[in-house]
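Subject: Structure handover

Hi,

Here is the structure I promised to pass on. Please open it alongside this note.

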Amino acid sequence: MAILGLTTPQVAAADQPVAGVSAKADKNTKAIAAAKPRSVARAGNVCGTGYKLYKAEQLPDSRRFATLFVYVKGDNPGSNNAPTCAILDNNLGSAKWMKIKLCSNWTADGCDSDSGVFSQYAGPVYRARGGCGTVTALMKNSTSDSVYIVDRKTDSTNCN
């Protein structure tokens, strides 16, 4: 193209996906957000406007079969009242049975879950008062398989 006096356009920084990351996100989450900004932005877009990444966790470990994303609204994600969204991202490139479950710290609010065979992600799941609750991420090769390749239950936000 240079022969014709044309140049290829440069990708501006403003054109890159920007994921809102909570100021209270831990070091591991911030590292994942820096390394995988497109994944973080896509998952955040699924949750909707106003959610910021609070937790990202590679599951079951650095092999990263899946990534758990937890997003919160507001400046106090550790609050019991923080609106919360969770997604389990499938990083294997083939459909797997997956389940994501987000439970509120408020017993009366209960849990929201999504499960099935997914090639991209399970969720999103929401709790209006999901801060200080729990999130469970499960993945196995098929519905009938009895062995989980991902089996993680953790706090949705750190409330200590």
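The lining of the largest cavity splits by class into 2 nonpolar, 4 polar and 3 charged residues. Here Ala, Val, Leu, Ile, Met, Phe, Trp, Tyr, Cys and Pro count as nonpolar, Asp, Glu, Lys and Arg as charged, and the others, Gly among them, as polar. The residues are Ile 32, Lys 36, Ser 39, Gln 58, Arg 64, Thr 67, Phe 69, Asp 89 and Asn 91. The space inside is about 40 Å³. A search of the whole structure turned up 1 cavity of 30 Å³ or more. A cavity is a set of points, on a 1 Å grid over the protein atoms alone, where a 1.4 Å probe fits but cannot get out; lining residues have an atom within 4 Å of a point. Points are joined across faces, edges and corners, and the volume is the space filled by probe spheres set on them.

Some ground rules. This is a predicted model: local features need pLDDT of at least 70, side-chain atom pairs count only at pLDDT 80 or more, and totals for chains, interfaces and linings use all residues. Residues are numbered from 1 along each chain as its sequence is written, and side-chain values use heavy atoms, with hydrogens and water left out.

Strands (E, at least two residues) and helices (H or I, at least four) are DSSP runs, numbered from the N terminus. Two strands pair if DSSP finds at least two bridges between them. Angles run from 0 to 180 degrees between N-to-C directions, and axes are lines fitted to C-alpha atoms, for helices over the stretch in contact.

Inside this sheet, strand S2 (residues 66–73) and strand S3 (residues 84–90) run antiparallel and share 7 bridges. Val 70 sits opposite Ala 86 in S3. Contact means heavy atoms within 4.5 Å.

The other sheet is also open, with 4 strands in the order S5-S4-S7-S8 and antiparallel pairing. Its edges are strand S5 (111–118) and strand S8 (148–155); each has a single partner strand, so one side of each is left without a neighbour in the sheet. Here the twist averages 5° from one strand to the next. Strand S4 (residues 96–103) pairs with S5 over 8 bridges, in the antiparallel sense. Trp 97 stands opposite Val 117 in S5.

Next, the disulfides. There are 2 in the structure, each a pair of cysteine sulfur atoms within 2.5 Å. One joins Cys 47 to Cys 85, S to S 1.9 Å. Its angle about the S-S bond is -80°, and the link is left-handed. The pair ties together distant parts of the chain: Cys 47 lies in helix H2 and Cys 85 in strand S3, 38 residues apart.

Last, some backbone points. Most residues other than glycine have a negative phi, and most peptide bonds are trans. The Leu 59 to Pro 60 bond is cis, with omega near 0°. Pro 60 is in the loop between S1 and S2. Arg 64 is in the loop between S1 and S2, with a positive phi near 55°. Gly 123 and Pro 124 are also joined by a cis peptide bond, with omega about 5°. Pro 124 is in strand S6.

Which residues does Ile 149 contact, leaving aside its neighbours within four places in sequence? They are Pro 60, Phe 65, Leu 92, Met 139, Lys 140 and Asn 141. Ile 149 belongs to strand S8. Ile 149 and Leu 59 are 8.7 Å apart, C-alpha to C-alpha, but 90 residues apart in sequence.

Best wishes

Notes:
1 Å grid on protein atoms, 1.4 Å probe; cavity = no way out; pocket = protein on both sides within 12 Å on 5 of 7 lines; lining within 4 Å.
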